[in-house]
Each structure stands twice: as structure tokens, then as C-alpha cells.
Amino acid sequence: MTTETVTLEKIVALCKRRGFVFQSAEIYSGLNGVYDFGPLGTLLRNNIKALWLKHMTQWPEEVIQMDGSILGSGQVWKASGHLENFSDPMVDCTNCKKRYRADDMDLERPCPSCGIKSWTDVRQFQLMFETNLGAMADSASKAYLRPETAQAIFINFKNVFSSCRVKIPFGIAQIGKAFRNEITPKQFLFRLREFEQMEMEFFCKGETARHFFDMWIERRRVFYQDLGIDLNKLRVRPHAADELSHYSRGTVDYEYNFPFGWKELEGVANRGDFDLTQHSTHSGKELAVFDEETKASYVPHVVECSLGVDRLFLTLLFDAYHEDEVEGEVRTVLRLSPKVAPIKAAVLPLVKKLNEPAEKLYQALKAAGISTQFDESGSIGKRYRRQDEIGTPVCLTIDFVTLEDNCVTARNRDTLVQERIAIDRVVDYVLAMQR
Ligand code: ATP
């Protein structure tokens with residue numbers, strides 16, 4: 001039996017209890033909108049990123065990687081339009097001094113915090129973090145933490161194109177941190193001030209951009225399907241004309257049905273030739289490419305897929321979290337795909353006397369590069385629950401019969417089916433679950 005009782009509070013508590021996510025600087029009362037990832041969280045993130053990369057690079061067209069700098073000069077952000085446009089409307093309550101995003105509020109109503117209606121004017125708030133390079137704090141030394149990873153790809157387009165012997169169409173993928181001084185960070189990992197993005201910019205001829213736009217929208221669906229996300233909770237929402245960003249010729253959001261509503265998970269955009277044209281104009285450098293067929297130069301168009309690691313992390317937790325009733329007891333289980341589950345298998349000696357053969361199996365799994373836990377404390381039932389709660393797909397129990405038949409009991413997290421497996425087949429068995 002499944003009870004649909006997932007709430008943000010339960011996810012936050014589980015993340016802290018089991019070492020997925022901690023509030024940053026918690027012992028100093030925390031930093032708002034910033035989180036640290038514990039051992040299990042780090043494993044889950046790494047698995048998410050690896051799967052994303054696999055899905056970016058498995059198609060016939062070439063997609064290569066780069067890793068740009070986090071600090072960027074003001075010139076980059078001027079050309080990209082961020083200095084002018086990357087702001088949110090902000091409003092303050094003059095009574096309790098609370099600050100809100102104006103587009104989240106009904107300003108005809110009183111402040112939800114103090115109940116008094118006394119708003120300041122709505123002002124635009126620049127979301128980029130500013131800093132200075134070197135000892136002089138003047139306008140020439142001004143730099144910004146990147147609010148997205150994409151611009152590093154655009155400004156390096158020519159470097160990559162001419163150094164890597166790639167042909168258009170091709171893509172550049174990048175995973176890295178981004179920073180936005182969000183007015184109201186909220187919903188745990190959903191809206192952060194420091195987060196990580198997985199972005200891919202696909203360069204193509206203008207006349208093929210629509211084709212590749214549709215193609216990448218479909219390819220992203222394949223990714224979510226592979227992740228095992230409930231596709232009934234995922235939808236593609238095209239942006240209305242008045243909602244499109246200044247650069248966009250068409251954007252769709254992949255939205256997930258969170259407990260707090262349908263919200264953007266990923267954006268796929270047909271950016272036209274806006275980015276390369278802007279950087280070419282502002283830098284004075286030629287970013288067009290020569291077409292051998294037509295013997296003419298052209299500026300490539302760009303199709304972008306942009307997804308937050310943290311937002312997908314949160315989505316996966318919501319999607320995987322279940323409370324089942326097993327033999328009259330409620331168990332919490334994370335039904336994470338074995339492809340991304342932080343721990344792939346747990347080795348459980350039935351009693352301490354069996355630690356030696358269990359330890360041997362544990363070391364064999366680790367040597368095969370499989371993220372494994374060894375758990376010898378508490379009843380077997382308790383140990384199963386501990387592994388269910390962190391999404392471990394299989395528990396391997398060593399019992400006294402193991403000493404005779406060289407088999408272990410493999411207990412499946414989802415079906416609860418138990419089967420005997422020969423010890424020398426265990427590594428392949430666990431690896432096969434991740435395929
Ligand atoms: P929103 O409308 O939610 O502010 P956006 O449209 O500005 O998002 P994009 O600039 O398209 O977001 O960013 C691409 C992706 O990066 C988003 O789909 C999301 O997954 C992730 N992302 C953006 N901002 C944040 C944030 N503050 N915290 C966590 N993830 C974010």
C-alpha cells in the first residue's frame with residue numbers, strides 16, 4: 001500500500017537525517033539560499049551529472065564539453081543583456097521591513113508577514129553578485145559571479161570550434177556553479193542563491209534550428225523517462241509570446257508537479273543567432289563561420305537545454321519518496337532509479353560472526369567501483385529500512401547457509417522479492433540493475 005504523503009518538510013528532514021543536504025554554515029545559524037551537500041547528496045549529484053552527460057553525448061551529432069570560469073567581466077554581461085535585463089521587481093513592507101518579489105505578491109493586499117498594507121514603490125533588483133578583482137575597487141576592476149554557465153560557451157565558441165575540428169551542427173555541454181542573488185530564496189533546493197547548472201548549447205544553421213529545437217525537446221523527455229520520473233507529473237509548457245526572453249525565438253519549459261504546484265524544471269530554448277551576434281558586436285571579433293557548400297559566412301543559431309542540478313535533485317526526491325505499509329509497519333522508501341541511487345548495494349551480515357565473508361564481498365563490490373555500504377548493526381528489518389530510506393536498490397544478506405552454498409540473499413527494494421545469488425555473480429547482478 002502506498003500513502004501519498006510527501007511534503008517539503010519530510011524531504012528536508014530526510015535530507016538532513018541521512019546526510020544528503022545540510023544548511024550551509026548551520027552551526028553559525030545558516031546562510032539563506034545556500035546549502036552544503038553531505039556524502040549521500042554528493043553521490044546523488046555526481047550520478048545525476050554523469051547521466052545527464054551520457055544523455056547529452058549519446059546522439060549522432062557531436063556534443064563536447066568545456067568548463068568555463070565562474071568570474072566574468074562586466075563586458076560579457078553587458079553584451080549578453082544581463083546587466084540591463086537580469087533583474088526582478090522588488091517591494092518592501094515599510095512596517096516590518098520584509099522584502100518580496102513584487103511579481104509574487106498582490107500589492108492590493110496587506111503584507112502576509114505583519115498584516116499591514118504599506119508598500120514601497122516597486123524597484124528593479126539586479127540579481128548578479130558583483131565583486132572586484134585585485135586591490136582597486138573601481139569600475140575597471142568590477143567582475144561578476146556568473147548567473148548562468150551559458151555565456152562561457154558563447155564567448156569560447158570560436159576557440160572550441162577552431163581547436164577541436166568539429167563541424168556544425170555540434171553542441172558544447174557544461175556543468176558548473178551559477179549564482180543569483182534571489183530576492184526570496186525558497187522551497188529548499190528549488191530557488192537557491194548558489195546552484196549548479198547543466199547546460200548544452202547546440203550550434204546549427206538557422207534553417208535547421210527549428211528542427212533541432214523539436215529534437216532536443218524530445219531528447220530531454222527520453223532523459224526523464226530514463227531517470228524513471230513519473231511522466232504524469234511532467235509536462236512541456238511552451239512560453240507565450242509575451243513571456244519569451246529578449247533573446248528567444250521559442251522556449252518550452254519542462255515543468256514538474258511539485259507539492260507547491262507546476263514549476264519549471266528545465267528550459268529548452270531556440271535562441272536564434274542572438275548570442276553570437278551580440279558577442280561579436282561587443283567584442284569586435286568575428287564569430288561567423290565559413291560554409292564550404294555556399295562559400296559564404298554565417299552566424300550559427302543556438303538551441304539551448306538548461307537544467308539545474310539542485311532542482312532536478314529535489315524533483316527526484318519528491319518523485320521517489322513513498323511511504324509503504326509493509327507487514328503492518330510504515331516504511332519510508334526512496335524509489336530512485338538504480339542509475340542515480342547514491343548507494344547501489346548494501347552488504348548485511350546476519351550476525352557479527354559472519355562479518356568476515358561479508359567484508360570480503362563488500363571489498364569486492366568496492367573494488368568493482370560500486371558504491372556500497374556495510375551495515376552490521378541492528379535487526380535485519382531495521383537495516384533494510386535504513387537502506388530503503390536512502391534508496392539503495394538491493395540489500396545482500398550473508399547468512400550461515402552462505403558458508404555452505406556460497407550464495408547471498410538479494411532483497412529488492414521495490415518488489416521486496418528475495419532471491420539467492422551466487423557470490424561470484426553479485427558484482428554483475430548489481431551492475432545489471434544500473435543498466
Ligand atoms: P525561474 O523563472 O524559476 O527564476 P529562470 O527561468 O530564470 O528560472 P533559467 O535562467 O532558465 O531559469 O535557468 C535554467 C535552469 O536553472 C532552471 O530551469 C532551473 O532548473 C535552474 N535554476 C535557475 N535559477 C535557479 C535557482 N535560483 N536555484 C536553483 N536552480 C535554478
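Mentor: Axes here are lines fitted to C-alpha atoms, for helices over the stretch in contact, and angles run from 0 to 180 degrees between N-to-C directions. The model is predicted: local features need pLDDT of at least 70, side-chain atom pairs pLDDT 80 or more, while totals for chains, interfaces and linings use all residues. Residues count from 1 along each chain as its sequence is written, and side-chain values use heavy atoms, without hydrogens and water.

Trainee: Why is helix 10 called oblique to helix 13?

Mentor: Helix 10 and helix 13 (residues 426–433) pack at about 50 degrees, with axes 10 Å apart. Under 35 degrees is roughly parallel, over 145 roughly antiparallel, 65 to 115 roughly perpendicular, and the rest oblique. Therefore helix 10 is oblique to helix 13.

Trainee: Which residues make the contact?

Mentor: L361, A364 and L365 of helix 10 meet V426, V427 and V430 of helix 13. Contact means heavy atoms within 4.5 Å.

Trainee: What is the class make-up of the contact of helix 10 with helix 13?

Mentor: Six nonpolar residues, no polar and no charged. Ala, Val, Leu, Ile, Met, Phe, Trp, Tyr, Cys and Pro count as nonpolar; Asp, Glu, Lys and Arg as charged; the others, Gly among them, as polar.

Trainee: What makes strand 22 and strand 25 edges of the sheet?

Mentor: Five strands form an open, mixed sheet, ordered 22-21-23-24-25. Strand 22 (372–374) and strand 25 (418–422) each have a single partner strand, so one side of each lacks a neighbour in the sheet. Pairing takes at least two DSSP bridges.

Trainee: How many bridges join strand 21 and strand 22?

Mentor: Three, in the parallel sense.

Terms used
Helices (H or I, at least four residues) and strands (E, at least two) are DSSP runs, numbered from the N terminus.
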